[in-house]
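Here is a short briefing on a predicted model.

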Amino acid sequence: MTLGELKGGFFGYRKAGVYQYIIELEEQFAAKLEAMGENTRKLEAQYQRRIGQLEQERDEARRQCQLLLQAEEQRQQSEAEQRQEQLRLQEETQQQSQLLAQYRRQVEQMREMFRAMLAEVDGKAEALDKQLERVQEACPEHNLSLFQRKTEQPA
């Protein structure tokens with residue numbers, strides 16, 4: 001019913017028609033409100049599902065972020081340990097190099113000492129060789145006949 005369909009009476013519109021019109025308007029608005037309420041409930045359910053999905057995505061993102069942070073911490077810790085190990089190895093290598101240099105100096109000193117000893121022994125051997133030659137030349141027969149046994153008997 002529309003406002004134009006209301007039947008007029010002697011002093012205006014008929015009460016029954018006005019009441020009927022108001023009831024119809026109320027029913028239309030109630031139906032529209034019900035439809036809007038249903039639509040709102042559907043949208044609310046849809047939004048609640050979306051909120052649930054977003055919360056799950058957020059939780060997953062947090063979990064992944066924590067995993068990445070842990071991995072980064074482990075990487076940094078591993079790198080720090082690696083640097084410490086490299087420093088330790090460098091120090092150990094340096095100590096070993098110093099020890100080798102010390103050994104090298106000691107070996108060189110020993111070689112020099114052996115050279116000096118050999119030179120001294122060689123000099124003494126040469127002197128003995130010359131002395132032996134002089135003794136052999138001083139000998140009348142150039143041999144050691146002085147040391148031969150005499151076969152004659154003493155008288």
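Buried residues make up 5% of the protein's 155 residues; buried means under 20% relative accessible area, exposed over 50%, and partly exposed in between, with a 1.4 Å probe and protein chains only. The model is predicted: local features need pLDDT of at least 70, side-chain atom pairs count only at pLDDT 80 or more, and totals for chains, interfaces and linings use all residues. Residues are numbered from 1 along each chain as its sequence is written, and side-chain values use heavy atoms, leaving out hydrogens and water.

**Fold**
- The protein has 1 helix and 2 strands (DSSP runs numbered from the N terminus: helices H or I, at least four residues; strands E, at least two).
- Along the sequence the pattern is β-β-α.
- Helix α1 covers residues 15–138, and its end C-alpha atoms lie 178 Å apart, which agrees with the 184 Å that 124 residues should span at 1.5 Å a residue (expected span: 1.5 Å times one less than the number of residues).

**Burial**
- The buried residues of α1 are Gly17, Tyr21, Glu24 and Gly37.

**Salt bridges**
- The structure holds 13 salt bridges (a side-chain nitrogen of Lys or Arg within 4 Å of a carboxyl oxygen of Asp or Glu).
- Glu72 and Arg75 pair at 2.3 Å, N to O; both lie in α1, 3 residues apart, about one turn.
- Glu72 is partly exposed at 31% relative accessibility, as is Arg75 at 39%.
- Asp59 bridges to Arg58, with the closest N and O atoms 3.1 Å apart.
- Glu120 and Lys124 meet at 3.3 Å, N to O.
- Shared partners join Glu108, Arg111, Glu112 and Arg115 into one salt-bridge network.
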